[in-house]
Amino acid sequence: MNNHPLYQITHLHLDKQLAQPALDLSQQGHYVVFWWKEIALGHLFLDPGSTLTTELYYTKLVEAITPAIEHYTKGNATATTAWPQWLQQQNEQAWRDWMHQVFQSWLPDKLPDSVPVSVIICTRNRPVQLESCLHMLTNLSCKPAEIIVVDNFSTGTTTKDVVEKFNGVIYVRESHLGLDIARNTGIIYTKSPVVAYVDDDVTVHPQWLYRVWETFQDPAVAAMTGLVIAAELDTEAQYIFETQWSFNRGYVDVIYDKAFFDATLRKGPPVWRIGAGANMAFRRDVFEEVGFFNELLDVGAAGCNGDSEMWYRILAKGHTIKYNPRAIVYHEHRREMQGLKKQIFYYMRGFTTAALMQQQQHRQAGYARHIFRKLPKHYARMLKAGFPGYDYRYKTLSVEIKGILSGLAYYFINRKHPSNVKR
């Protein structure tokens, strides 16, 4: 029997409430996400059975949002070291007046009715999730120029039936299975200068599309990713994923450019840190230069990591990728341990294959050293640390190792195939 406690997610808007929220920690944990209006500032895990005094709560709150506050006040004339005291003393007037000054330039007065962005949803046999996703996208106050649903060979007509409920949404059927195949098919049908991808199992923030478009107002940006927040943490599998494999890349802007690529090349650029394919976008013309997604990295083939391998090629060409934490979606993690283990297996299989393909592109890259030297040492330590119960974090160790070995086998069989896919 699984006795893992529920973690309730609470979104706390600090522009409306400074008082400590009433959180019952006796039987469940809490995951608290802090906001200032439409901008996420940080999060906090509170374990069940823990004690949370008022003093400790404000200490943890300050720790959680300090990186974001420092980011948004950097170079700002309004920067002050007094804000933690205002929080701890619950000086709402001083706090709100100051935060209003800090964030007034980051919050739009009015959103445009539409922006020149094509949104692609790749889906297969998930009509319920797809309908929810399309309902959200078609009701945004700032709408995309077009929405394209790529039906990746669903059985029956349920996917098409859902799309036909929404005026103007484009339906495309792709008869070859594979997420990256579907992604590439979607690109062919787009007409806008910016192409955004969103998974069918995410909920988009009302300002998500606007923030995606806003990111590309910087002409140097060729691609972007955004913040992914967990939609629920009801099960052990979801908790393990969020704490160990999270799509959340933090609450401050990060630039990945030629300097990042060059500085990390000898160790192998950690492109997997850039973000998640569940929330990413590209300048359309970058595909003409670097090629389409690598279809050898699909589920059923290598496994996954087509998104991070694409980011690698973009960086290798000297372009810039931006992580924008104001472009926000909420992701529904897999609820069951079996599903999580399958997901992690394909993550590691795809990661291994992609890393060695990236090594092929730049012989000086350090991916081979990472795969053949560092990972064996890492997993030897993990196997020792998890013995004998292999609970919690250690529950996925066996499938991680199997995924790496499977990825090695797949790479050596397919290493002579072209990795830079273009149609």
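On a 1 Å grid over the protein atoms alone, a pocket is an open set of points where a 1.4 Å probe fits, with protein on both sides within 12 Å along at least five of seven lines; lining residues have an atom within 4 Å of a point. The model is predicted, so local features need pLDDT of at least 70 and side-chain atom pairs pLDDT 80 or more, while totals for chains, interfaces and linings use all residues. Residues are numbered from 1 along each chain as its sequence is written, and side-chain values use heavy atoms, without hydrogens and water.

The second largest pocket is lined by Thr264, Lys267, Gly268, Pro270, Trp272, Arg273, His370 and Lys374. Its space is about 170 Å³, counted as that filled by probe spheres set on the points.

Helix α12 spans residues 337-361.

| Helix packed on α12 | Residues | Angle | Axis distance |
|---|---|---|---|
| α8 | 236-244 | about 30 degrees | 8 Å |
| α11 | 306-316 | about 15 degrees | 10 Å |

α8 and α12 are therefore roughly parallel, a term for angles under 35 degrees. Their contact (heavy atoms within 4.5 Å) is made by Glu236, Ala237, Ile240 and Phe241 of α8 with Met337, Leu340, Gln343 and Tyr347 of α12.

α11 and α12 are likewise roughly parallel. Here Ser308, Glu309, Tyr312 and Arg313 of α11 meet Ala354, Gln358 and Gln361 of α12.

Definitions and conventions:
Axes fitted to C-alpha atoms, helices over the stretch in contact; angles between N-to-C directions. Helix = DSSP H or I, 4+ residues; strand = E, 2+ residues; numbered from the N terminus. Parallel < 35°, antiparallel > 145°, perpendicular 65-115°, else oblique.
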